[in-house]
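Please look over the sequence and structure before reading on.

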Amino acid sequence: MRIKHLTVCGFGPYKAEQTVDFEGFRDDGLFLISGKTGAGKSSILDAICYALYGSIPRFETTQQKLRSDYCDVDDPTFVELEFAVNGTDYRVRRTPEYARPKARGDGTTLQKPTAELYRRVDGDWEGVAARPVDVGNELDQILGLSKDQFLQVILLAQNRFQEFLLARNDDRQAVLRSLFGTRRFEQMEEALIERRKSVEAELGFARQKLAQHAVHAASLLPGQEHEPEAPDLAWFTAALAGLRHELDAASESAGLADAAVTAAEIVHQSLADRRKLQQRRDGAAARLRELETEQPDVDADRVTLATALRAAAVWPHVLARQEAQADRDEAASVEVAAREAYRPFEPANVAAITGAALKSSIDRTTKTLGGLESVLADELQLPALAVEIRALQSSFDECDAAVTDAAERIQALPGRIEDVGVRLAHAQARAGGEADISDVVKRLTDARTAAKQAEALAPRHDAALRAETRASGDYAAAAARIHELMQRRLAGHAGELAAGLLEGEPCAVCGSPDHPAPARPSGNPVTGDDIERARVAADACKATMDSAHSEARTLGTQLAEARTLAGEKTFRQLDDELDAAKATLEDARAAGREVTTLADEQARLRGELSTAQTGLEKLRADRDAAAAEHAARQSARSAIEQRIANHLAGHDTVSDHVRHLLQHLDAANALADAITESRAQAKTLAAAVVGLAAQLREFDFDDEVAVRAARLEAGDVTALEARIRAHEQAVGTARFTLAEPELTGLPATPIDLAESQDALGDARDRRDQALAAQGSLAERHTQLTAVVRSARAQLTESAGLHEAYAHLRQLAGVVQGNEPNTKRMRLETYVLAAQLEEIVAAANTRLRMMTSGRYLLEHDDSVQYRNTRSGLGLSILDQHTGRARPTHSLSGGETFLASLALALGLAEVVTNQAGGITLDTLFIDEGFGSLDSDTLEIAMGTLDSLRAGGRTIGLISHVDAMKEQIPAKLRITVTDQGWSEIEPAYELA
């Protein structure tokens with residue numbers, strides 16, 4: 001993989017668009033990215049990582065704020081990277097999430113992240129994917145490296161490659177798992193453990209279920225209080241056989257007890273039957289004696305019943321005569337009342353009037369009524385006609401008033417419309433300045449916020465300037481300290497060389513084995529470590545100074561911007577101006593609302609005028625129509641009143657005349673009907689009297705009184721008949737019973753059943769006890785049979801689980817690093833340990849050269865402290881001592897060299913594991929400051945060997961010696977405005 005071109009804009013410290021052509025460093029192979037602390041050197045690597053993976057490693061645990069703080073609202077933000085993999089060029093472009101101005105209106109909206117991926121085909125860029133998720137999936141296939149792998153083999157961020165050397169066993173395992181994708185071995189281990197747990201659970205369930213069967217079986221066995229601790233099939237079988245034996249004995253006892261009950265029942269039933277015959281005989285004799293005493297009363301009932309039957313034959317004729325008499329009396333009474341009711345119409349001869357005379361009067365009255373029907377109808381119309389006339393008068397009055405009112409409104413409306421128009425124009429003039437006043441309010445609001453911010457920034461800026469002054473003094477003192485130590489080191493260097501001379505050994509300077517006058521050390525000697533510690537302290541002071549300078553410059557810029565935006569006015573001045581502007585704005589908005597109200601009022605009045613003018617003519621037409629209809633209705637009422645007057649015949653109204661005639665007609669009809677009914681009822685009464693006399697003679701009764709005395713109600717007759725019949729039947733039944741053959745020869749004394757009853761009860765009790773015992777044993781035998789069957793099936797089913805569990809338990813223990821695994825190495829760790837051995841072998845190839853063969857990395861798979869997991873340990877073999885020691889015991893420079901060698905070895909192995917991707921570009925960020933000059937030369941030589949195969953290596957460092965040794969540079973500068981810029985081409989020293 002080769003990184004070719006990078007373009008960033010609005011990203012990190014870079015405001016304007018910046019382009020890096022990494023191909024320009026291809027001939028040199030090694031280039032240095034230089035610049036002040038905080039200028040944005042690491043941001044170049046951040047941009048590369050973001051373009052490929054959509055995230056930045058140093059922001060993984062915090063919110064990723066990628067858009068430059070120097071960007072204006074309209075400035076774009078993007079990262080575009082061109083790279084090549086296996087001879088194919090690709091271009092990826094990403095924009096992060098940030099706030100941008102709204103397309104319409106004020107304010108901002110959230111710009112969603114975007115991503116685009118292109119492939120160069122025949123010299124042209126061809127689109128591959130255009131969504132972040134699709135671009136990520138495509139890049140995973142193209143790169144063949146995860147982000148962690150990329151950061152380990154291509155982009156070595158600040159101190160990340162040292163983490164792997166100094167990591168604990170578990171942390172190193174997490175890194176290797178991510179790099180080599182060994183999660184499947186952990187999943188295999190988890191699956192094996194889950195299988196072991198599953199089989200263990202099945203065995204436990206089987207044991208629990210077998211124990212439950214044993215408890216159940218023990219509860220079914222008589223006299224068995226506890227089940228055995230380890231029940232087997234033989235115990236279940238023996239228990240079932242014992243219960244079967246007890247059941248057979250109980251069945252035999254129940255059969256004998258049942259036979260004894262049958263014999264006792266036969267004896268008792270025979271005695272009970274004879275006792276019942278005795279009771280039947282004695283009962284029949286007593287009943288016969290009772291019936292004989294009732295015989296005289298029964299004979300008297302027979303006589304009474306015969307007399308009542310004769311009276312029943314005559315009684316209907318008595319009732320007929322009584323009804324005819326009542327009807328005749330009622331008809332006569334009705335006739336007298338009808339004649340009295342007719343008296344007002346014929347007072348002279350009402351007592352002697354006949355039916356024929358009544359018929360003639362009825363005909364005359366009916367004819368007169370027929371002639372009055374139409375006149376009566378006209379009279380009935382008069383009230384409704386009067387209502388119509390009054391309504392028409394009211395309608396006319398209303399229409400006339402409406403015409404007057406409409407005319408008055410039409411005259412008044414033009415003046416009201418003109419008045420509303422004048423008010424509307426005035427309100428429009430007030431509302432017209434709302435937009436300008438709103439802009440003023442917004443500007444004053446922003447200025448007020450800026451003034452408040454300026455008040456808060458001023459003391460912070462002063463404090464930052466004081467901190468910058470202190471940091472600058474500290475850095476100057478630290479630099480002077482380095483100069484002093486270096487002067488002392490040079491002055492005492494001869495003494496230091498002399499201290500290492502041995503008698504007879506050649507001098508390293510002149511080569512002579514004689515040392516006549518070796519120099520002596522002066523004062524306390526200064527070592528390289530002293531100078532290095534002073535350099536570290538100076539670097540820290542410089543970093544503090546740069547940070548303070550950056551903080552002061554940033555606060556100064558923010559303070560100036562705030563004061564400019566505030567117009568050099570104070571917060572209180574702007575507050576007063578804002579209040580006045582807001583009041584003016586509120587008045588303009590109120591005028592705008594008044595414009596809407598007045599415009600609606602003007603439109604309503606104009607519509608009202610148009611409607612009034614249209615409706616005036618209709619109101620006038622309605623008024624004239626009501627007047628004409630009123631006159632017609634009055635004329636019709638006068639004609640009807642004249643006709644009624646001609647038919648009153650002395651009555652106040654035609655209705656009174658008709659009512660009088662109807663009363664006359666009703667009275668005449670009622671009297672005629674009463675005369676006819678009275679004559680008919682007299683004839684019926686005479687016939688009933690003749691018929692009753694004949695019936696009295698026939699049935700030998702003197703008069704109606706004798707018939708009434710002898711007569712009985714139907715219920716009484718039925719009761720007499722039933723009593724006589726029941727007596728006769730009871731006598732016959734008693735005599736028949738006493739004559740039965742089986743009742744003869746019985747003893748006179750009642751038979752005693754107590755003894756046989758007691759014997760039968762005892763036999764039944766013994767039989768019930770035997771049957772209950774048999775039933776209980778049978779139910780237990782049935783349940784025990786089912787329990788034994790289930791236990792047998794359970795034992796058969798779980799027989800193979802024990803062997804499987806033993807194998808799974810041992811295998812799971814081995815892959816988990818437990819006994820019998822003496823290395824305490826898990827399966828995944830074992831696989832990763834093999835990869836780590838390859839990494840160590842590749843790393844030692846370079847570490848041997850960088851340390852002149854003194855140090856070698858060793859893979860340590862021994863059991864760790866307190867029996868913790870092992871397999872991924874690292875140690876350093878020191879060839880001077882021949883012993884291995886922990887990696888934490890290395891010095892800072894040695895740690896850097898070992899970490900660099902390990903990182904390069906890791907890169908080589910991961911590259912091979914990733915499918916043979918060539919690594920044509922490599923970046924290393926910082927870490928060289930911990931090396932002395934000699935070690936730095938060795939490290940530079942190692943890195944120089946990497947570019948021999950055509951690689952391009954970019955280094956980030958503040959070490960001056962590296963600036964001198966590396967001619968190709970990429971320089972990052974900071975502008976006066978605070979943002980950074982990348983020079984358009986590399987610079988040769």
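Leaving aside neighbours within four places in sequence, which residues is Phe83 in contact with? Contact means heavy atoms within 4.5 Å. On that basis, Phe83 is in contact with Met1, Arg2, Ile3, Lys4, Leu52, Thr88, Asp89, Tyr90, Val92, Leu139, Ile142 and Leu143.

The model is predicted: local features need pLDDT of at least 70 and side-chain atom pairs count only at pLDDT 80 or more, while totals for chains, interfaces and linings use all residues. Residues are numbered from 1 along each chain as its sequence is written, and side-chain values use heavy atoms, with hydrogens and water left out.

**Chain totals**

- The protein chain has 22 helices and 18 strands, taken as DSSP runs numbered from the N terminus (helices H or I, at least four residues; strands E, at least two).
- Of the 989 residues in the protein chain, 37% are buried, where buried means under 20% relative accessible area with a 1.4 Å probe, protein chains only.
- For contacts between residues at least 6 apart in sequence, 73% join residues at least 24 apart.

**Nonpolar cores**

- A nonpolar core is a set of buried Ala, Val, Leu, Ile, Met, Phe, Trp, Tyr and Cys residues joined through side-chain atoms within 4.5 Å.
- The largest one has 93 residues, and Leu6, Ile48, Phe83, Phe928 and Leu955 have the most contacts inside it.
- Helix H20 (residues 892–913) gives the most to this core, with 11 residues.
- A second, separate core has 24 residues, including Tyr342, Ile362, Leu369 and Leu372.

**Helices H9 and H15**

- H9 (residues 355–371) and H15 (residues 654–698) pack at about 155 degrees with axes 10 Å apart; axes are lines fitted to C-alpha atoms over the stretch in contact, and angles run from 0 to 180 degrees between N-to-C directions.
- The two helices are therefore roughly antiparallel to each other, a class for angles over 145 degrees.
- On the H9 side, the residues that meet H15 include Leu358, Ile362 and Leu369; on the H15 side, Leu661, Leu665 and Ile675 are among them.
- This contact divides into 11 nonpolar, 6 polar and no charged residues; Ala, Val, Leu, Ile, Met, Phe, Trp, Tyr, Cys and Pro count as nonpolar, Asp, Glu, Lys and Arg as charged, and the others, Gly among them, as polar.

**Helices H10 and H14**

- The axes of H10 (residues 373–431) and H14 (residues 571–645) come within 5 Å and cross at roughly 160 degrees.
- H10 and H14 are therefore roughly antiparallel to each other.
- Their contact has 34 nonpolar, 11 polar and 22 charged residues.

How values were computed
Parallel < 35°, antiparallel > 145°, perpendicular 65-115°, else oblique. Buried < 20%, exposed > 50% of the residue type's maximum accessible area, 1.4 Å probe, protein only.
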